[in-house]
Amino acid sequence: MSILELPVQVGDPAIGFTSNFQYTIFLEGVQFGLVFKTNKPDDSWFMDITTVNFEPVVMGLGLAVGLDLLFPYRSKGARIPPGVLYCVDLSGNGSDPAVDSFENKTHVLRYMTSDQAFPAS
């Protein structure tokens, strides 16, 4: 039972941050690929969830505040992580993340494990 903070942007403030990158991560015992991309004209973030070999599972998922980002895919049989993926606006404005939001630490992406998100009755 836990909440994980997932990195969305990597880099060093002295040399800059990258806004398009990928990595693999174990979520509840299954390894997934996460691919993050920015849309600079729209000032927004998108992500893909893939298999460990970067084969598509969910593509073009927009990062937005106040939603279980995986909810639309649960009933469609997608091989998605079983928990809840959500974005938090730490500034309290309720705004969706802009291209510089993760670098400026105004937003975070979190994953809540399924045993915490959906406790057995």
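In which sense do E1 and E9 pair, and over how many bridges? In this predicted model, the two strands pair in the antiparallel sense, over 4 bridges. Both strands also contribute to the lining of the largest pocket, each giving two or more residues.

**Sheet**
- E1, E9 and E8 form an open sheet of 3 strands in the order E1-E9-E8, and the pairing is antiparallel.
- E1 and strand E8 (84–89) are the edge strands; each has a single partner strand, so one side of each is left without a neighbour in the sheet.
- From one strand to the next, the twist averages 30 degrees.
- Across the pair of E1 and E9, Glu5 stands opposite Arg110 in E9.

**Largest pocket**
- The volume of the largest pocket is about 200 Å³.
- Its lining consists of 13 residues, of which Glu5, Phe102, Lys105, His107 and Val108 are the closest to the centre.
- Strand E1 (3–6) and strand E9 (107–112) are the elements that give two or more residues to this lining.
- E9 supplies the largest share of the lining, 3 residues.
- By residue class, the lining divides into 8 nonpolar, 2 polar and 3 charged residues.

**Thr51**
- Thr51 lies in the loop between strand E6 (44–50) and strand E7 (56–62).
- The relative accessible area of Thr51 is 14%, so this residue counts as buried, the cut-off being under 20%.
- Leaving aside neighbours within four places in sequence, Thr51 is in contact with Gln31, Phe32, Gly33, Val57 and Arg79.

Key: Residues are numbered from 1 along each chain as its sequence is written. This is a predicted model: local features need pLDDT of at least 70, side-chain atom pairs count only at pLDDT 80 or more; totals for chains, interfaces and linings use all residues. Side-chain values use heavy atoms; hydrogens and water are left out. On a 1 Å grid over the protein atoms alone, a cavity is a set of points where a 1.4 Å probe fits but cannot get out, and a pocket is an open set with protein on both sides within 12 Å along at least five of seven lines; lining residues have an atom within 4 Å of a point. Grid points are joined across faces, edges and corners, and a volume is the space filled by probe spheres set on the points. Ala, Val, Leu, Ile, Met, Phe, Trp, Tyr, Cys and Pro count as nonpolar, Asp, Glu, Lys and Arg as charged, and the others, Gly among them, as polar. Buried means under 20% relative accessible area, exposed over 50%, partly exposed in between (1.4 Å probe, protein chains only). Contact means heavy atoms within 4.5 Å. Two strands pair if DSSP finds at least two bridges between them. Axes are lines fitted to C-alpha atoms, for helices over the stretch in contact, and angles run from 0 to 180 degrees between N-to-C directions.
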